[in-house]
Amino acid sequence: MTDAWQFCPCCAAALDSCEEGGLLRLACGAGCGFVHWDNPAPVLAALVEYQGQVVLARNRAWAAGAFGLITGFLERGEDPAAGVAREVKEELALDTLATTLIGVYPFARKHEVIIAYHVVGQGEIGLNEELAEFRLIAPEKLKPWDFGTGLAVSDWLARRTGF
């Protein structure tokens, strides 16, 4: 088991590998009860439909030409549908008129689970500091990618066209 965690955050004792909940995990060697569960982080994704087109955005940290859905982390205690509306407002300055769950997708590469929604947005697009640019794509020209949020795009397109 490889993990960056070495010491218990509760009592500073060394962590040991042990079986907890049917999996090998790190736990406090001194027995204070701490277990590093290492569960994936919940991420919200919004396939934003705006004036009949889909908004794809490029994060400032991404390479030129790399675009994706609007994403962000679910906050503690937040309803996922409310969280995706929050992310759309924060990143695009759009109000959300409707949200429909597309699906939930594992994203092991980033140790996340993606909760994807179709969102109908209204207002005028204004990018926050995280985003460099956006594109509006006609749904019939949208091409899904084969990982992460691209799986939600594929499912949304299939439902939209009835396939």
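A salt bridge is a side-chain nitrogen of Lys or Arg within 4 Å of a carboxyl oxygen of Asp or Glu. The model on display is predicted: local features need pLDDT of at least 70, side-chain atom pairs count only at pLDDT 80 or more, and totals for chains, interfaces and linings use all residues. Residues are numbered from 1 along each chain as its sequence is written, and side-chain values use heavy atoms, with hydrogens and water left out.

**The salt-bridge network.** Select Glu78, Arg86, Glu87 and Glu90, which a network of salt bridges links. In the pair Arg86 and Glu78, the closest N and O atoms are 2.6 Å apart; in the salt bridge of Arg86 with Glu87, the corresponding separation is 2.9 Å. Arg86 and Glu78 are both buried (under 20% relative accessible area, with exposed being over 50% and partly exposed in between; 1.4 Å probe, protein chains only). Glu87 is buried as well. The structure holds 5 salt bridges.

**Helix α1.** Next, select residues 80-92, the 13 residues of α1. Helices (H or I, at least four residues) and strands (E, at least two) are DSSP runs, numbered from the N terminus. From first to last C-alpha, α1 reaches 18 Å, close to the 18 Å expected at 1.5 Å a residue, where the expected span is 1.5 Å times one less than the number of residues. Its buried residues are Gly83, Val84, Arg86, Glu87, Val88, Glu91 and Leu92. Their cover includes β4 (41-50), β5 (53-59) and β7 (95-107).

**The two ends of α1.** At the N-terminal end, select Asp79, which caps the helix: one of its side-chain oxygens lies 3.0 Å from the backbone nitrogen of Ala81. Just after α1, Ala93 takes a positive phi of about 65°. Then select Asp95 and Lys89, a salt bridge whose closest N and O atoms are 2.8 Å apart. Asp95 counts as partly exposed because its relative accessibility is 37%, and Lys89 does so at 42%.

**The loop between β8 and β9.** Finally, move to Asn128, located in the loop between β8 (112-122) and β9 (131-137). Asn128 is buried, with a relative accessible area of 13%. A polar atom of the Asn128 side chain lies 2.9 Å from the backbone nitrogen of Glu130. Beyond residues up to four places away in sequence, Asn128 touches Glu90 and Glu91 (contact means heavy atoms within 4.5 Å). Leu127 lies in the loop between β8 and β9 and is partly exposed, with a relative accessible area of 31%.

Definitions and conventions
A polar contact is a pair of N or O atoms within 3.5 Å; within protein, one must be able to donate a hydrogen and the other to accept it, and residues adjacent in sequence count only if both atoms are side-chain atoms.
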